[in-house]
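Me: Hi! Could you walk me through this structure, please? I'm still new to this.

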Amino acid sequence: MSTTAPDHDPLDLEAVDAIELWVGNALQAAHFYRTGWGFDIVAYAGPETGVRDKVSYVLQQGKLRLVVTSSLREGTEIARHVARHGDGARDIALRVADAEAAFKEAVRRGAVPMRGPWDEKDDHGIVRRATIGAYGETVHTFVERSDYSGEFAPGYEARTTVPDPLPPVGLLDFDHSVANVELNRMNFWVDFYEKVLGFHLIQGFTDEDISTEYSALMSKVVSDGVGRIKFPINEPAPGKKRSQVDEYLDFYNGPGLQHIAIATDDIVSSVQALEARGLEFMRVPDTYYEDLRDRFEDLDLDVDVLERYGILADRDDEGYLLQIFSRMNQDRPTVFFELIERHGSRGFGNGNFKALFVALEREQERRGNL
Ligand code: FE2
């Protein structure tokens, strides 16, 4: 807690500190994110570290941090969350200079207080946290860790795993995290991020932009002032059949985090490494690459390589980007990852949305959910 008045808005957020997933089996989820996605397991909390009712593994790669947590007992909040939503994101934690000041200001601006502020202490110092509610049962915890020198937080012990024998994946940082919310709720949540966290609307797509023969969605993107944190928010739009957002809302039982986009500076190497680790990605129809050759004719881009790995490309006034979408990270058709390599473009690949939705609908069809 600072004793002097802050010289800046306490809601000038520093970064996404970590995304915590509540899962049915943290041991196996940690193994999946380590072996499949190339994260290192760097810290652990559980009965051995004095935590009685749950276990957590902290996974790190570049600046990316995931926490996977599962309940050891029935009837806990985590167990109930997993029963209702399946494995999913509970907490998109946001690093701040002063968690108490950020929390108080967010609540003053209309956020729902969930917990805190509270301190966790050990020999390495103090981590201070405070939690507000967001869409569905998702929360944002403000995390202040400037007075902490340990690996992650009190209650955790550092873990060093044996060196990973598989090729490194090269994931660098969070790029954006996407929410799916119910019909007619997108603007409510855009207002929430603008009003409470001081974010700005940076892009909006209508169902005209993002529609196929069968289904559509609307999307708006909010970002903090400097663009370090970007949250696109999707809602379904009426179509002939159910959209991917409808399918998500059905299986997640409400709004929640849909995908985490991760920055890489070499998407081809990342995809090669991930495929060697057994992961699979969404494929768009082959005709996509014929169009791409025309759209990128003037750029020195090896479209054959992109086609081989199923990587998508999009461009705008500022530059271009390469991206690819993983298959689901769990049984339910809910949470997945995106890889993104940016070359000037600050977009989200809206030029690809249509091709991608055709691919997503093909998968939905196979699940009998279209
Ligand atoms: Fe995305």
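Reply: Happy to! Let's start with a term: buried area is the accessible area that two parts lose on being put together, summed over both. Also keep in mind that this is a predicted model.

Me: Okay, which domains does the chain have?
Reply: The domain assignment gives domain 1, covering 15–158, and domain 2, covering 171–367. Their C-alpha centres lie 25 Å apart.

Me: And how much area do domain 1 and domain 2 bury between them?
Reply: About 3,200 Å², with 67% of it on carbon and sulfur atoms.

Me: Which elements of domain 1 touch domain 2?
Reply: The ones that give two or more residues to that side are β1, α1, β4, α2, β5, β7 and β8. The residues of domain 1 on that side divide into 20 nonpolar, 14 polar and seven charged.

Me: How many residues are in contact there?
Reply: 41 residues of domain 1 are in contact with 36 residues of domain 2.

Me: How many salt bridges cross that interface?
Reply: The rule finds zero salt bridges between domain 1 and domain 2. What the interface does have is 13 residue pairs in polar contact.

Me: Then how many salt bridges does the count come to?
Reply: The count comes to 24. One of them joins the side chains of D17 and R145, at 2.9 Å from N to O.

Me: Where do D17 and R145 lie?
Reply: D17 lies in strand β1 and R145 in the loop between β8 and β9, so the pair ties together parts that are 128 residues apart in sequence.

Me: Are D17 and R145 buried or exposed?
Reply: Both D17 and R145 are buried.

Me: Why does R293 count as partly exposed?
Reply: Because its relative accessibility is 34%, and partly exposed covers what falls between under 20% for buried and over 50% for exposed. E307 counts as partly exposed too, at 24%.

Me: One more, please!
Reply: E318 forms a salt bridge with R346, where the closest N and O atoms are 2.5 Å apart. E318 sits in the loop between β15 and β16, while R346 sits in the loop between β17 and α9, 28 residues apart. E318 is partly exposed, with a relative accessible area of 44%, whereas R346 is exposed at 57%.

Me: Which residues do salt bridges with shared partners join into one network?
Reply: E14, D17, R65, R95 and R145.

Me: Changing topic: why is helix α3 largely enclosed by the rest of the structure?
Reply: Because seven of its ten residues are buried. Those are A99, E100, A101, A102, F103, E105 and A106.

Me: What covers the buried residues of α3?
Reply: The cover includes β6, β7 and β8.

Me: What happens at the start of α3?
Reply: A side-chain oxygen of D98 reaches to within 3.2 Å of the backbone nitrogen of E100. Just after α3, G110 takes a positive phi of about 115°.

Me: Now T141. Where does T141 lie?
Reply: T141 is in strand β8, which runs over residues 139–144. T141 is buried, with a relative accessible area of 4%.

Me: Which side chains does the side chain of T141 make polar contacts with?
Reply: With the side chain of D91, at 2.6 Å, and with the side chain of T131, at 2.8 Å. Leaving aside neighbours within four places in sequence, T141 is in contact with several residues, among them I92, A93, L94 and W118.

Me: Last one: where is A313 found?
Reply: A313 is in strand β15, and A313 is buried, with a relative accessible area of 0%.

Me: What is A313 in contact with?
Reply: Leaving aside neighbours within four places in sequence, its contacts include Y288, L292, F296, L306 and N352. As for distance, A313 and G125 are 45 Å apart in space, C-alpha to C-alpha, and 188 residues apart in sequence.

Conventions
Residues numbered from 1 in each chain as written. Predicted model: local features only at pLDDT ≥ 70, side-chain atom pairs only at ≥ 80, totals over all residues. Heavy atoms only, no water. Helix = DSSP H or I, 4+ residues; strand = E, 2+ residues; numbered from the N terminus. Buried < 20%, exposed > 50% of the residue type's maximum accessible area, 1.4 Å probe, protein only. Polar contact = N/O pair within 3.5 Å; in protein donor to acceptor, adjacent residues only side chain to side chain. Contact = heavy atoms within 4.5 Å. Domains from an automatic or database assignment. Buried area = accessible area lost by both parts, 1.4 Å probe. Salt bridge = Lys/Arg side-chain N within 4 Å of Asp/Glu carboxyl O. Nonpolar A, V, L, I, M, F, W, Y, C, P; charged D, E, K, R; others polar.
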